[in-house]
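Please look at the sequence and the structure shown below before reading on. The report after them is meant to be read slowly, with the model at hand.

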Amino acid sequence: METQALVMAVEPGAALVEPMEPSGCSACGTTGGCGVNRIGQIFTLKSKRYRVLDPVGSRVGEAVVVRVEDGAVLRGSAAVYMLPLLLVFVGALLAAHYAPLASRDVWSIAGAAGGFVLGALWLALFSRRAAQDARFQPVILRRVSEGLFVLKEIKS
């Protein structure tokens, strides 16, 4: 997945970028447009800035193309949301299954809490591993001006 961003700060091998505002349709910003983009800006309290790898040596103020490996967002979301939630449910079900009938609810809550703790530990380990894994790191591919092809009409 590729997107354009503006470089806000640089450091050796990395840059802090802010995504450029996508326009939802051709009516955005015009009189009579729906204004969904403006409504989103009202409810966003601070700008979104991300640290990305910078092998091209970009400079502050440049527009760049940032890429995240295909499937990285889906894999990361599944690891962050689905697995911990699954561990909570499995912990509750296993505890309820093996608990005495009279105290099944208490054991179920304890099992869910245990699943939550395991999910939190998994999330900490996954986050540490993902921070070092190039497949989960966004990277600057090129400057926006690079590789542009401009066709001009020449009048004779």
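This is a predicted model: local features need pLDDT of at least 70, side-chain atom pairs count only at pLDDT 80 or more; totals for chains, interfaces and linings use all residues.

Residues are numbered from 1 along each chain as its sequence is written, and side-chain values use heavy atoms, with hydrogens and water left out.

**Strands**

Helices (H or I, at least four residues) and strands (E, at least two) are taken from DSSP runs and numbered from the N terminus, and two strands pair if DSSP finds at least two bridges between them. Strand 1 and strand 2 (residues 14–19) run antiparallel and are joined by six bridges, with alanine 9 standing opposite leucine 16 in strand 2. These two strands form a hairpin that has two residues between them, and glycine 13 in the turn has a positive phi of about 80°. Strand 1 is also joined to strand 4 by five bridges, again in an antiparallel arrangement, and here threonine 3 is the residue opposite valine 66.

**Salt bridges**

How many salt bridges does a search of the whole structure find? The search finds six, where a salt bridge is a side-chain nitrogen of Lys or Arg within 4 Å of a carboxyl oxygen of Asp or Glu. Three of these pairs are listed here.

| Pair | N to O distance |
|---|---|
| Arginine 51 and glutamate 11 | 3.1 Å |
| Arginine 59 and glutamate 62 | 3.3 Å |
| Glutamate 62 and arginine 143 | 2.7 Å |

Arg59, Glu62 and Arg143 are linked in a network of salt bridges.

Is valine 64 buried or exposed? Valine 64, which is placed in strand 4 (residues 63–67), counts as buried because its relative accessibility is 0%. Although valine 64 and glutamine 4 are 60 residues apart in sequence, their C-alpha atoms are 5.6 Å apart in space. If residues up to four places away in sequence are not counted, valine 64 touches several residues, including Ala5, Val17, Ser58 and Ile140, contact meaning heavy atoms within 4.5 Å.

Serine 58 lies in the loop between strand 3 and strand 4, and serine 58 is buried too, with a relative accessible area of 6%. The side chains of serine 58 and aspartate 54 are joined by a polar contact of 2.8 Å, a term that stands for a pair of N or O atoms within 3.5 Å, of which, within protein, one must be able to donate a hydrogen and the other to accept it, while residues adjacent in sequence count only if both atoms are side-chain atoms.

**A surface patch**

Leu86, Val90, Leu94 and Tyr98 make a nonpolar surface patch of about 430 Å². Patches are made of residues with over 30% relative accessible area and no salt bridge, like charges being joined within 9 Å and nonpolar side chains (Val, Leu, Ile, Met, Phe, Trp, Tyr) within 5 Å, and accessible areas come from the Shrake-Rupley method with a 1.4 Å probe, only the protein chains shown counting as cover for residues. Tyrosine 98 is placed in helix 2 (residues 72–98) and counts as exposed, at 66% relative accessibility.

Note on methods. Buried means under 20% relative accessible area, exposed over 50%, partly exposed in between (1.4 Å probe, protein chains only).
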